[in-house]
Amino acid sequence: MFSRIELKRVYGLAVCLLLIAVVSYAAFGVTPPKPPARIVFQSVAGKALFDHARHAADTGYSLTCGECHHTLSKDEYDQASSCTECHDAEKGDADVPKRSDALHQQCIGCHTEYGAGPVECTRCHVMF
Amino acid sequence: MPEHQKLIVSHAPFWHNCNRVTDRSRDIFLAALPAALFGVYQYGVSALGVLALSVSSAVLWELAFTRVAGRPVSVGDGTAAVIGLLLGMMLPASMPWWGILTGTFLAVVVARQIYGGIGANPFNPVAVALAILMLAWKGRMDFDAALVNYPFDFPAVYHLTAVKAFGTAAIGDVSLGDLLLGRQIGGIGCTFGLGLILGGVYLLVRGVIRWEITLSMLAGVALTAFIFNQVDPAKFASPAFHLLTGYTLIGAFFLAPEDPSSPVNFLPMLIYGAVIGSVVVFIRDIGVFAEGLPYAVLVGNLIQPLVDKIRPKALGKVV
């Protein structure tokens, strides 16, 4: 049981919140930051979460852009693009390996070289 | 009064204890606000949009259904708004609008109104909606993927997924203070443990929720997690971790004690809460999902009519 004033309050709340929601979705949508904060690679072997910010930050692993974005020179770092721009999901060759091979080579190679970070499948890929 | 009378009882005198549904809804709303507002602070305007759309659409779904079904308008009691708020708090801040509209439709119409409205739902509406959303749009409900574009000043990994996949070494740096103060990712209103506890204590003090259900559920989580942790500490997380991550606190204070879908007698309440708490940890530790609370609440709701038959207490007193 409720009074008419309480009913009007709920109507008012619903209308106000609907307006806020419309404005929020229309004008304040989340856009991917550049450079990205994190990247989730989806594959049949499960997802792999890559913390881009931690790898690049001075307080993290302090990697320069060129250490992963291997085609860039120092003055081109601000033009770094996604790995998927060149590495196709299905096709690849010796010069431009397909996406999964490129990512595996990049991640495992670096982790092995530095002696840090996961190198086994189940230390990156998550099935749920 | 807009609300029709559902029950006709007899034999006066009766004493109204001044406990009104609207007041209870207001208390629950207020209790949930600290954690919800922290979510807005943490995730920004997008979280506000999710919460606002969830509350408003829940109210509008209920209004639309009662109109179509020719029932009296019932949104004035505030329960639909509470359902919307709780569901919104458990969603990621990046949830698209159509996912929220679907979720609130499932909660308000499918899980509650078609059973007869307030007091008639056998399952917790929020748990029903959340369980379906988690099954239907796994990627949207995966906090690692859903929150990938939100920068944080702490390791932004969904802890329940991390510990399930990589063992307790993956959460070695996580302190209980971080979990209490919201330095974790998750549902909009589920990360600020301290806020949820404060809200829950407020509800307990106000008598809105039953302490038997809340405490037995938390005890069920803690005891089951403790046993798993003792069996293999490298694989299974500690009780404190399970208590302060995921949906545990919002489930213990806001979902499990929901009136229509929970028992009314003392012993059944203890069993009901303990079962939910145990199933949560079983699903997290050896199930196929990283988070199991919505399913655990549904299991509890399922056994609720049965456990309520244990040592039933006669109403009233013959002198």
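Domain bounds here come from an automatic or database domain assignment. On that basis, chain A holds domain 1 (1-29) and domain 2 (39-126), and the C-alpha centres of these two domains of chain A lie 45 Å apart. The model is predicted: local features need pLDDT of at least 70, side-chain atom pairs count only at pLDDT 80 or more, and totals for chains, interfaces and linings use all residues. Residues are numbered from 1 along each chain as its sequence is written, while chains are lettered from A and ligands numbered from 1 in the order in which they are written.

**Nonpolar core**

- The largest nonpolar core contains 112 residues, and those with the most contacts inside it are B:Leu86, B:Met89, B:Ala107, B:Ile250 and B:Ile276. Such a core is a set of buried Ala, Val, Leu, Ile, Met, Phe, Trp, Tyr and Cys residues joined through C-beta atoms within 7 Å.
- Helix 2 (residues 45-69) of chain B provides the largest share of this core, 12 residues. Helices (H or I, at least four residues) and strands (E, at least two) are DSSP runs, numbered from the N terminus.
- Because domain 1 (1-29) and domain 2 (39-126) of chain A both give residues to this core, it lies between them.

**Contact between the chains**

- Chain A contributes 27 residues to the contact and chain B contributes 38 residues; two residues are in contact if their C-beta atoms, placed from the backbone, lie within 7 Å.
- On the side of chain A that touches chain B, helix 1 (4-27), strand 1 (39-41) and strand 2 (47-50) of chain A each supply at least two residues. Helix 1 of chain A gives the most, with 11 residues.
- This side of chain A divides into 22 nonpolar, 1 polar and 4 charged residues. Ala, Val, Leu, Ile, Met, Phe, Trp, Tyr, Cys and Pro count as nonpolar, Asp, Glu, Lys and Arg as charged, and the others, Gly among them, as polar.

**Helix 3 of chain B**

- In helix 3 of chain B, 11 of its 11 residues are buried. A residue is buried if 20 or more other C-beta atoms lie within 10 Å of its own, exposed if 12 or fewer, and partly exposed in between, with C-beta atoms placed from the backbone.
- The partners of these buried residues are helix 1 of chain A together with helix 1 (21-43), helix 2, helix 4 (97-110), helix 5 (125-136) and helix 12 (248-255) of chain B.
- Helix 2 of chain B and helix 3 (residues 79-89) of chain B pack at an angle of about 145°, with their axes 7 Å apart. Axes are lines fitted to C-alpha atoms, for helices over the stretch in contact, and angles run from 0 to 180 degrees between N-to-C directions.
- By class, the contact of helix 2 with helix 3 of chain B has 10 nonpolar, 4 polar and 1 charged residues.
- B:Met89 touches residues including B:Ala32, B:Gly39, B:Cys190 and B:Ile250, not counting residues up to four places away in sequence.

**Helices 10 and 13 of chain B**

- The axes of helix 10 (residues 211-231) and helix 13 (residues 266-286) of chain B come within 7 Å and cross at roughly 40°.
- The residues of this contact divide into 17 nonpolar, 7 polar and 2 charged.

**Backbone features of chain A**

- Most residues other than glycine have a negative phi, and most peptide bonds are trans.
- A cis peptide bond joins A:Lys34 and A:Pro35, with omega about 0°; A:Pro35 is found in the loop between helix 1 and strand 1 of chain A.
- A:Ser62, a residue other than glycine, has a positive phi near 55°. A:Ser62 is placed in the loop between helix 2 (52-56) and helix 3 (65-68) of chain A, and A:Ser62 counts as exposed because it has 10 C-beta neighbours inside 10 Å.
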